[in-house]
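This report describes a few residues and their surroundings. Please look over the sequence and the structure before reading on.

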Amino acid sequence: LGHSKCGAIGATVGGGQVHGCIGSIVAEIKSGIGKETESNAAENLNIIHQVRKIRDNLIISKAIKNGKVKVLGGKYDIVSGEVKFIDMLPMNPSEAEEQLILKNKEYIQQCQNSSILNNSIRLDLKEKGQHPYALIVSCADSRVPIEHIFNAGLGELFVIRNAGNVVGDFEMGSIEYGVHHLGVKIVVVLGHSKCGAIGATVGGGQVHGCIGSIVAEIKSGIGKETESNAAENLNIIHQVRKIRDNLIISKAIKNGKVKVLGGKYDIVSGKIDFILE
């Protein structure tokens with residue numbers, strides 16, 4: 001928990017001479033804030049740096065993965081008395097994947113979304129814009145509440161939904177936007193068990209209207225598979241490969257800026273398993 005008008009941060013960004021052991025404190029703060037000279041931003045960077053150090057500890061990281069503890073950063077306003085939690089979004093694709101796994105575990109254990117959703121956060125997002133760390137291409141099924149199953153708050157996830165979690169031009173354009181303009185660190189095609197769109201496709205019955213376009217896209221990925229669970233997996237893999245083959249996305253993958261994975265949500269247990277190709 002840091003705070004506004006922090007003297008230690010002020011002394012560090014001020015760049016003046018320090019004496020004795022105070023120099024050790026300043027050196028540690030500098031290692032986290034880099035060349036930042038604006039006090040408010042430096043206070044936030046220092047908090048984030050210290051949180052990451054704690055999370056990287058062997059014992060603590062193990063406890064985090066096992067869902068026994070959560071490590072957060074907060075900032076106390078010495079005037080208003082309000083504490084705001086600091087945005088701890090993942091810095092790279094591997095961290096983003098770990099975050100999604102951890103958040104899904106939290107959802108299963110808590111049976112609720114524990115994110116803070118208030119006016120302060122909404123105003124902050126309005127002024128600073130959105131910076132989601134993950135993009136989820138999901139089925140529109142009402143039993144798959146994306147923000148809840150990833151225990152996510154406002155501004156954390158960029159979500160694209162349709163029946164069958166399929167990817168066409170509109171979806172691909174949205175994915176390009178998320179990767180290229182918003183800087184998401186991971187893209188997940190998230191299917192689920194008992195998917196109605198897959199069931200309709202493997203069932204082989206007559207479909208009407210634009211639903212036929214969805215069925216045709218699913219068929220192109222599952223081939224002649226008639227078993228629903230296997231077909232669900234094949235559809236996820238097919239959509240993942242389409243995204244990876246996109247020129248903009250493939251370049252971002254090669255540069256280590258994003259990871260594209262497939263996952264499957266169990267509508268009974270609430271658990272997400274990543275699909276191995």
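Two residues are in contact when heavy atoms of theirs lie within 4.5 Å. The model is predicted.

Thr201 belongs to helix 9, residues 196-203. The side chain of Thr201 also reaches the backbone oxygen of Ala197, at 2.8 Å.

An unreviewed UniProt entry carries the annotation "binding site" for Cys139, Asp141, His192 and Cys195. These residues span 57 residues in sequence, but no two of their C-alpha atoms are more than 8.8 Å apart, so they gather at one spot.

Two of the annotated residues can be followed further. Asp141 sits in the loop between strand 4 (134-139) and helix 7 (146-149). Leaving aside neighbours within four places in sequence, Asp141 is in contact with Arg161 and His192. His192 is part of strand 6, residues 186-192.

| Residue | Relative accessible area | Class |
|---|---|---|
| Asp141 | 14% | buried |
| His192 | 2% | buried |
| Thr201 | 5% | buried |

Buried means under 20% relative accessible area, so Asp141 counts as buried at 14%.

How values were computed: Residues are numbered from 1 along each chain as its sequence is written. This is a predicted model: local features need pLDDT of at least 70, side-chain atom pairs count only at pLDDT 80 or more; totals for chains, interfaces and linings use all residues. Side-chain values use heavy atoms; hydrogens and water are left out. UniProt positions are given in the numbering used here, feature names are shortened, and annotations may be inferred rather than shown by experiment. Helices (H or I, at least four residues) and strands (E, at least two) are DSSP runs, numbered from the N terminus. Buried means under 20% relative accessible area, exposed over 50%, partly exposed in between (1.4 Å probe, protein chains only). A polar contact is a pair of N or O atoms within 3.5 Å; within protein, one must be able to donate a hydrogen and the other to accept it, and residues adjacent in sequence count only if both atoms are side-chain atoms.
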